[in-house]
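Hi everyone, thanks for coming. Let me put the structure up on the screen, and then we can walk through some of it together.

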Amino acid sequence: MVIDNKMILEQFKLRPANALDAAQFVEIMNSQYARKKNQEYFYWQYINPPEPTVLMCAFQGDQMCGMFGLKKRKLNNGVVIGQAIDMLIAPAWRKKGLFPELARQAVQYFGKEFDVLSVLANAAGNHAVVRSLGWRNAGIIKTFFLKNPQSVTCRPDGTDAGDCAGKVRFQKDQDYRNWRFDKNPCYSYKAVSVENATAWVKVFIDPLTNLRYGDIVDFDIPCLEAMNFRNLFYAACEYLKLQKVEAITVWALPGGLLRNIAESFGFQETSQERYFCLKIISPKCAYLDKFINWDLSEADSEIY
Ligand SMILES: CC(C)(COP(=O)(O)OP(=O)(O)OC[C@H]1O[C@@H](n2cnc3c(N)ncnc32)[C@H](O)[C@@H]1OP(=O)(O)O)[C@@H](O)C(=O)NCCC(=O)NCCS
């Protein structure tokens, strides 16, 4: 049955989430995903975040039926970007047009503030934003894996090619990183530093396979010098080896310095994918459509 927009507005009440919605948020998320969320995640992500954030929710009576999270962030060049997170419709209400209405109201909540909208989606999210919201898939991020980390016994050398300095990334200052890593209610992160460069890593135990992964989720390298990066990457791998992880993961985008470094350590691209989708609003941001212009790390996605 085709449900039109008027019917959506008659059947559902749409409003931003508040602290009282924590329990229903957890219930609907945990019925969908193997990686379980708790109420602390909801408070951290939506009630006490460092950046303006809304979780637009749809209700039937008191029952939460769907949600669309949106954060107002900045890129390192000042561009204002909306980042969608936690997009979810309860199974009974999928494929009926509730999703685009939630997205529309989440964006409208901020007025005309965005230069660009983005999401780091799974396959279902990619399909929904492209088909129902008219966003474009700008690139597919395939996770790089090192399957046997204990085999790396000394820092591999390599020709460090690739440009990072000119690339666009999400802006992350000290406050943001304190919130993202130190206050994270789901995972414990470790900052590994070499001179003035830092990498953030965490150990993740897959709830389905029980495998122990080490994720290198973020970097802060002030000068972006290749040798600094290589030394830091090695230190991050060494730390994770001590944690007895069975594999190490990292995002190493095409054309970036990290891609060469990770490959020289034996990391390989896998079929585990995340889809980077964009809606360019301001014409001055047309260049963002080119994936090669981006430097993204696992920490940019809410799932890592
Ligand atoms: C991703 C998700 C939120 C999308 O929600 P959705 O309800 O399926 O999305 P839409 O409302 O846009 O519906 C999409 C489909 O319904 C169709 N549709 C859209 N509006 C419609 C309407 N008014 N009437 C009938 N069909 C409609 C679309 O044409 C589309 O069809 P297609 O799949 O054949 O292309 C939902 O699938 C979900 O919660 N998935 C699980 C959680 C998840 O993976 N989230 C993504 C995280 S990144």
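The buried residues of helix α6 are covered by several elements, including α3 (39-47), β3, β7 (189-194), β8 (197-205) and β9 (212-220). Here a contact means heavy atoms within 4.5 Å. Helices (H or I, at least four residues) and strands (E, at least two) are DSSP runs, numbered from the N terminus. Which residues of α6 are buried? In this helix, residues 174-182, they are Y176, R177, W179, R180 and F181. Buried means under 20% relative accessible area, exposed over 50%, and partly exposed in between, with a 1.4 Å probe and protein chains only.

Before we go on, a word on where this comes from. This is a predicted model, where local features need pLDDT of at least 70 and side-chain atom pairs count only at pLDDT 80 or more, while totals for chains, interfaces and linings use all residues. Residues are numbered from 1 along each chain as its sequence is written, and side-chain values use heavy atoms, leaving out hydrogens and water.

Now for the charged pairs. A salt bridge is a side-chain nitrogen of Lys or Arg within 4 Å of a carboxyl oxygen of Asp or Glu, and a search of the whole structure finds 18 of them. One joins the side chains of K172 and D218, at 3.0 Å from N to O. K172 sits in the loop between β6 (136-146) and α6, while D218 is in strand β9, 46 residues apart. D218 counts as buried because its relative accessible area is 2%. Another salt bridge links K202 and D215, with the closest N and O atoms 2.9 Å apart. K202 lies in β8 and D215 in β9, so this pair ties together parts 13 residues apart in sequence. Salt bridges that share partners also join K172, R177, D218, D220 and D300 into one network.

Next, the nonpolar side. A nonpolar core is a set of buried Ala, Val, Leu, Ile, Met, Phe, Trp, Tyr and Cys residues joined through side-chain atoms within 4.5 Å. The largest one has 31 residues, and F68, L70, L98 and W135 touch the most other members. Its largest share, six residues, comes from α4. Apart from it lies another core of 29 residues, among them F145, F181, V217 and F291.

To zoom out, the protein has eight helices and 11 strands, and 52% of its 304 residues count as buried.
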